[in-house]
Amino acid sequence: MCSEESRCQPPHFDQRRAVLKGAVGVASLPLIDLAAAVEPNAMRPQAGDVLIHAQGDRRGEVITVADLELGGPQQLAWAMDPQTKTVRDGSRLNQVLLIRLEHEELSPETKTDSADGVVAYSSVCTHQGCDVSQWKAENKMLLCVCHRSEFDPKDKAAVTFGPAPRRLPLLPVKLVEGQLQVAGGFRGKPGFKDM
Amino acid sequence: MQRLGRLQISAAVLLALGAMSAVAQTADYSPVTDARLVKPEAENWLMTRGNYEGWSYSSLDKINTSNVSKMVPIWSYSTGANSGHQSPPIVNNGVMFVSTPSAQVLALNAKTGELLWKYKRELPEDFSALHNTNRGVALYGDKVYVTGLEPVVIALDAKTGKVVWEAKMEDYTTGYYATLAPLIVNGKVMAGVSGGEFGVRGFVVAYDSETGKEVWKTYTVPAPGEPGSETWEKPDTWKRGGASVWMTGTYDPDTKLTFWGTGNASPWFGDQRPGDNLYTSSTIALNPDTGKMVGHFQYHQNDSWDWDEMNAPMVVNFKKDGKEIKGLVKPARNGYLYWLSRSPTGIEYVASTNYVKQDVFKSIDAKGRPVYDDTRKPATGKKASFCPSLWGGKDWPYEAYNPKTGMIYIPANENHCGFLEGKVQEYVAGKWWTGVDIPDIGFVVDKSPPYLGALQAWDVSGGKKVWEQTFKESMHWGPILTTGGGLVLAGGTNDRKFRAHDAQSGKLLWEMGTNSGILAPPSSYSVDGKQYIAVVSGWGVDAQYQQGLINTLTGWKKEVPEGGVIWVFGVPD
């Protein structure tokens, strides 16, 4: 359990692997401790999770491709385990932004991890951790509310303006029987490095 | 209040460095008393603005107009931090304390730059803040006090840097954070909170300096039934009304009142919260022992321009129509320079004049209340342009007052305007909640502006501008230091320079490029009879953000490198 005395370790994007290793007894002791420290709602989005609206009138409802306006803006979302209905909102660093663009607009590498033009990224700015919750329609850029860093959703969220030091981690998504799902962990560590 | 437990100790990474030499240099650390804070010695710089009155003035005069041209760096020290450094070097009998972004505190030998101890704080992994800066430490007794972003107030042992206590001010997940230096009067450690863009309700809180126990807490937006609540005409708007307190207060030992500035009303558009919205964009007078609000002055009612009036006024006496007035002076973000009077019963308006171009106020009445040009007031679904932009005639960088020249010195910004159009945004705790999206925040400068930044000198009693130095291709983000040697010192420009001007004429006497841009207040002190000028260079936050916008609008490609360095200057013997 995560307790004050043990200090909760930050969940990592590869934590499911850690859980599995711990379960079969091949991991080192620290790895087992790490897995045990993460509550399901604090785990990063996992392959097979569905995505739900994080705010607005439809908060908590599962997001479909049709819910996303073609060409933006982005929608903020949480991942949810479809079996247990556990919403992974136990850490801000789990929050995801979803955006639907023309498939042809996406860079080849971005296409690989997209589904029907939908791409997903961490919504936490890599500069100071603020929300990338705003949309600059004129050049189709994702925008951080704090210091105006801009990220290109068509190109793996590359930084195009502002002080952010690196792109937003991409979250692969896929369509399974028409349902939008997470296809794997974040491609990078969400959040920022302090100082 | 949170007592320090094992968790907090493990969260705070404390580096014990050079133990023997550090102990030797701090063993005879001079406790800071109330009497010393009321009359700080010339050789020390005991608080953010040098004295309780907020003058940013040092009476030291060994570095002066005749020899400042020979000034050279004596030592420097890298803080190891990026982003905007806004903390002055605080000095107490040869020991210097500097805070950096994310509430790191460095203690150094003020003569040599040798590190004595360092306190580093680990932020929660999910923390974020609009401004991660820190604006300085406060000294009292044998402790050093600093605010942490979360927001917390932390007391450190001045000799070792070990945490003595820490007190949680509020819950950061709801948008609160803290960046200001505490103000300490009569053993009360006072601090306020930031978060005016996230729907917070501002307050000032005081803790016992020894124990960290909360003594009082005064909200800057009144609840129903409290005085001023009638100015929140729409139910419940007060709950998220803003009026954050993100700059350190000043104190008048004469009236025994502290003065605090308050930030913008929240959300930004006045039609969403009808009424004057006290005590937003105001100066409030608080009793430091009880927190009781004794008086207030609101610079502009029903704010709709994001013009925070967060800076506390300087406590300065001046003459008006031949009469000596116990006063307060403040260059406001709304572009006007105010002269107010202070007394044990409150604050009264005396006079004002605009110090930059301002097109919103048609007039100001005898009580100091402006009459607006409503075409310049943005609202929900109504776009309006206005000058100056939301960064104001000046932002937070401190002005200064020199009692020898009788002048106040203002880091001003001119020739920039803004436009806004409001909308109703869903409130989500801890999320941006201003009523406008970032891409829709309008900022306008000419393609080739006559100038942007300015250093202005005003006669405190005559009410007239005496001189002005302008900066054609840079805003001015530099807090001012003025000295008994007849100098005005500041950085603040995008060319990384630190400058010394003649306080009488404004003439540039000395300048030097530093590692980065200077946003921090300079300070002055002496050790073994030798005077030093100190400042931290480290560009970031709003100045950096605004520079990006100006580059876009003008086609400039001005890049200012990041990275904090403490610089200490002197004149060769």
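I took helices (H or I, at least four residues) and strands (E, at least two) as DSSP runs, numbered from the N terminus. By that count I found four helices and 39 strands in chain B.

I noted that this is a predicted model, in which local features need pLDDT of at least 70 and side-chain atom pairs count only at pLDDT 80 or more, while totals for chains, interfaces and linings use all residues. Residues are numbered from 1 along each chain as its sequence is written, and chains are lettered from A and ligands numbered from 1 in the order in which they are written.

Next I looked up burial, where a residue is buried if 20 or more other C-beta atoms, placed from the backbone, lie within 10 Å of its own; buried residues make up 58% of the 573 residues in chain B.

I then turned to the partner chain, counting two residues as in contact if their C-beta atoms, placed from the backbone, lie within 7 Å. On this basis 27 residues of chain B are in contact with 27 residues of chain A, and the elements of chain B that give two or more residues to this side are α1 (6-11) and α4 (541-554).

Last, I looked at nonpolar cores, which are sets of buried Ala, Val, Leu, Ile, Met, Phe, Trp, Tyr and Cys residues joined through C-beta atoms within 7 Å. The largest has 195 residues, and A:L98, B:V137 and B:Y145 have the most contacts inside it. A second, separate core of eleven residues includes B:W268, B:W305, B:W307 and B:L420.

Definitions and conventions:
Buried ≥ 20, exposed ≤ 12 C-beta atoms within 10 Å, placed from the backbone.
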